[in-house]
Amino acid sequence: MGDHARTITFIGGGNMAQALIGGLIARGAVPRSLRVVEPNEATRALLIERFGVDARADAAGALAGAAAVVLSVKPQVLREVALGLAAEVGDALVISIAAGIRARDIARWIGSDRVVRTMPNTPALIGEGITGLAALPACTTADQGLADELLGAVGRTVWVDDESKLDAVTAISGSGPAYVFLFIEALEAAGVRMGLGATEARALAIQTFAGGAQLAARSDDSPAVLREKVTSKGGTTFAALTTMRDKAVPESIIAGALAAAARSAELGDEFGRD
Ligand SMILES: NC(=O)C1=CN([C@@H]2O[C@H](COP(=O)(O)OP(=O)(O)OC[C@H]3O[C@@H](n4cnc5c(N)ncnc54)[C@H](OP(=O)(O)O)[C@@H]3O)[C@@H](O)[C@H]2O)C=CC1
Ligand SMILES: O=C(O)[C@@H]1CCC=N1
């Protein structure tokens, strides 16, 4: 971040807030310039010990002088949290990372139209995140720049032209790390079943994912062409892919992602509006 002393207040210090905070500090943010309002005492202790941030139980005064407030609580409690911040928000830009909840609902609750809705992911912790963002029209160029800088410090940023597309972003990259971990877990289990040690099976699976992803990112070939280059005629990969197709693996992945997007929209209906 350019201005290392700028105050950013997180409301909710759970898994995703910790990934963002860890990533921001690794990129040079001053720990004490990050405030976190977190009701859970054990989580507060962890935030202080691990990151050295200003963790507190009470939101009163926590937004004083803050450039932005990052709403990082579960969608189910966002309405209550935002209503409670209406008297505190002042000039702070409102950035939500909550799945599903629409920016206009947050704006109504918190009493500010300067709301940026975002969908980051946990690889932010190691600076390898990717975040989808959409801003309400009242946001200035500077507001969008601040949100981009904040989330861009922990990975890539992708602005979408229509906020509803964030449901799809959630299904691909927000929830996506969990699909990757599931795949790694399954490959590790397969390796163990074939007699490899768990440690070596995991190392093989993880490096294969990392190497495959990097190759896909850097190569001029499409993922489909790269896949064909692994698949020798009558060989082992062909045997694997035929079995995976028989078991509808590609369709299952697509169906899973569609379910995530549907749940995102549903969260907006269920816990948004009023
Ligand atoms: N995890 C992920 O990969 C991603 C999550 N998100 C979004 O981030 C948000 C948080 O998710 P996640 O970090 O996984 O969830 P967590 O449950 O880990 O974190 C939420 C934290 O907020 C605390 N909290 C509850 N009520 C309040 C309150 N009134 N004021 C302040 N803090 C409160 C919770 O405490 P307690 O546990 O005691 O209730 C908890 O520590 C969600 O909206 C989710 O959709 C977005 C992208 C990716
Ligand atoms: O599972 C969830 O609802 C959140 C949003 C994206 C990742 N985790």
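The face of α5 turned away from its buried side carries two exposed residues, Thr 141 and Ala 142. The model is predicted: local features need pLDDT of at least 70, side-chain atom pairs count only at pLDDT 80 or more, and totals for chains, interfaces and linings use all residues. Residues are numbered from 1 along each chain as its sequence is written, while chains are lettered from A and ligands numbered from 1 in the order in which they are written.

Helix α5 spans residues 141-152. Helices (H or I, at least four residues) and strands (E, at least two) are DSSP runs, numbered from the N terminus. The buried residues of α5 are Asp 143, Leu 146, Ala 147, Leu 150 and Leu 151. They sit on the same side of α5 because they cover an arc of only 115° around the axis. The arc is taken over directions from the helix axis to the C-beta atoms. Their cover includes β1 (8-11), β4 (68-71) and β8 (155-159), among others. Contact here means C-beta atoms, placed from the backbone, within 7 Å.

Ligand 1 is surrounded by 26 residues. Near means a C-beta atom, placed from the backbone, within 6 Å of the molecule or strand. The closest are Gly 12, Gly 14, Met 16, Ala 98 and Ala 99. Helices α1 (15-26) and α3 (75-85) each supply at least two shell residues.

Terms used: Expected span 1.5 Å × (residues − 1). Buried ≥ 20, exposed ≤ 12 C-beta atoms within 10 Å, placed from the backbone. Contact = placed C-beta atoms within 7 Å.
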